[in-house]
Amino acid sequence: MATNASIEQQLQQILDDDHIMINEPLRNHTYTKLGGAADYFVTPSSYEAVQEVVKLANREQLPFTLLGNGSNLIVKDGGIRGIILSLKELKDITVEGNEMIAQSGARIIDVSYRALDEQLTGLEFACGIPGTVGGALFMNAGAYGGEIKDVLKEAVVVDPDGNLLTLSADAFDLQYRHSNIPEKGYIVLEALFVLKPGQYDNIKAVVDDLTYKRESKQPLEYPSCGSVFKRPPGYFAGKLIQDSHLQGKGVGGAEVSTKHAGFIVNKNNATATDYIQSIELVQNTVKETFGVDLEREVRIIGEDPE
Ligand SMILES: Cc1cc2nc3c(=O)[nH]c(=O)nc-3n(C[C@H](O)[C@H](O)[C@H](O)COP(=O)(O)OP(=O)(O)OC[C@H]3O[C@@H](n4cnc5c(N)ncnc54)[C@H](O)[C@@H]3O)c2cc1C
């Protein structure tokens, strides 16, 4: 691997200085407000720049990690080695007829509201999901009976060799909170959604109803990563956690929400270690009480502190 100075120089050949940050604390970029620093945090503003960064990483054998809005991630306190790619600069949304093309860094909430403005129906479910388009496709995000799989037609990605590909939706093996993007190593650059014509008032009524449900049930006043666990077959994670009397409990500054048992909130300057230990506390207690294994929905990445 080249020296740090050489890597910085190579990054500067691809990106302007204000798109390269060194030792950037990731708690500034995650919804949970957790996480150590990234060696290199870059924000490319063109598809070509993304491809070039991937080729640089391959050449220098540097690991690289995609970051969306950090709303389904816990970055460990030791941070992340190599390059963090944030596509927040790539956030255009365009509409042609019933089709919407959204770049990866656009917030899926903004895409949902744009569909409302355009009187297109199909993305109401996403009106409160605080992720980006890229993160939503990676997770096959969904809520209230809808999911990305229902509306995705195709997506443009960069493959691990830096090639640009357009793939149809079925190439991503989308299932409940799952895609094959981690195995394939794709970087999502844009998604094409196919919607149906609707009426503004009807779409708005659904969006308002879902927003009311979300705001009344979820602890949105604290940083969190949403539902920590997937729905175990035949059960509801929140109910199992509630019935295990875990609400209000946790480690350090992290706590199982008293408002929604499926959430763990960063209540008081939690570390990632507090958060991860709180997740383990919940998994162990639910297993002991009900014999059910809770599988994490949230992803944990990065390194333990030294
Ligand atoms: C309050 C709250 C409510 C939530 N409600 C819901 C809900 O109702 N339904 C739901 O499904 N989720 C929900 N979530 C979880 C989260 O918002 C979704 O999983 C969302 O899709 C994650 O998007 P993100 O951009 O934040 O991704 P991140 O958390 O940044 O990343 C998630 C994964 O996607 C990868 N990734 C990100 N961008 C790209 C890209 N461009 N290309 C390739 N890989 C990429 C990352 O490497 C990471 O592995 C909620 C979270 C919070 C905090």
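How are helix 3 and helix 6 oriented to each other, roughly parallel or roughly antiparallel?

1. This is a predicted model, in which local features need pLDDT of at least 70 and side-chain atom pairs count only at pLDDT 80 or more, while totals for chains, interfaces and linings use all residues. Residues are numbered from 1 along each chain as its sequence is written, and side-chain values use heavy atoms, with hydrogens and water left out.

2. Helix 3 (residues 108-117) packs against helix 6 (residues 200-217) at an angle of about 150°, their axes being 9 Å apart; the two are therefore roughly antiparallel, a term for angles over 145 degrees. The contact (heavy atoms within 4.5 Å) involves Tyr113, Leu116 and Asp117 of helix 3, together with Tyr200, Ile203, Lys204, Val207 and Thr211 of helix 6. By class, 5 of these contact residues are nonpolar, 1 is polar and 2 are charged.

3. The ligand is surrounded by 36 residues, of which the closest are Leu66, Gly68, Ser71, Thr132 and Gly142; a residue counts as near if one of its heavy atoms lies within 4 Å. This shell divides into 18 nonpolar, 14 polar and 4 charged residues, with Gly counted among the polar ones.

4. One polar backbone atom of Leu66 is 2.7 Å from a ligand oxygen, and one of Asn72 is 2.8 Å from a ligand oxygen, whereas a backbone N or O atom of Val188 lies 2.9 Å from a ligand nitrogen. Of the 970 Å² that the ligand exposes when taken alone, the protein buries 95%, with areas from the Shrake-Rupley method and a 1.4 Å probe.

5. Elements giving two or more residues to the shell are strand 3 (64-67), helix 4 (133-139), strand 9 (142-143), strand 13 (187-194) and strand 15 (224-227). Helix 4 supplies the largest share, 5 residues.

Note on methods
Axes are lines fitted to C-alpha atoms, for helices over the stretch in contact, and angles run from 0 to 180 degrees between N-to-C directions. Helices (H or I, at least four residues) and strands (E, at least two) are DSSP runs, numbered from the N terminus. Angles under 35 degrees count as roughly parallel, over 145 as roughly antiparallel, 65 to 115 as roughly perpendicular and the rest as oblique. A polar contact is a pair of N or O atoms within 3.5 Å; within protein, one must be able to donate a hydrogen and the other to accept it, and residues adjacent in sequence count only if both atoms are side-chain atoms.
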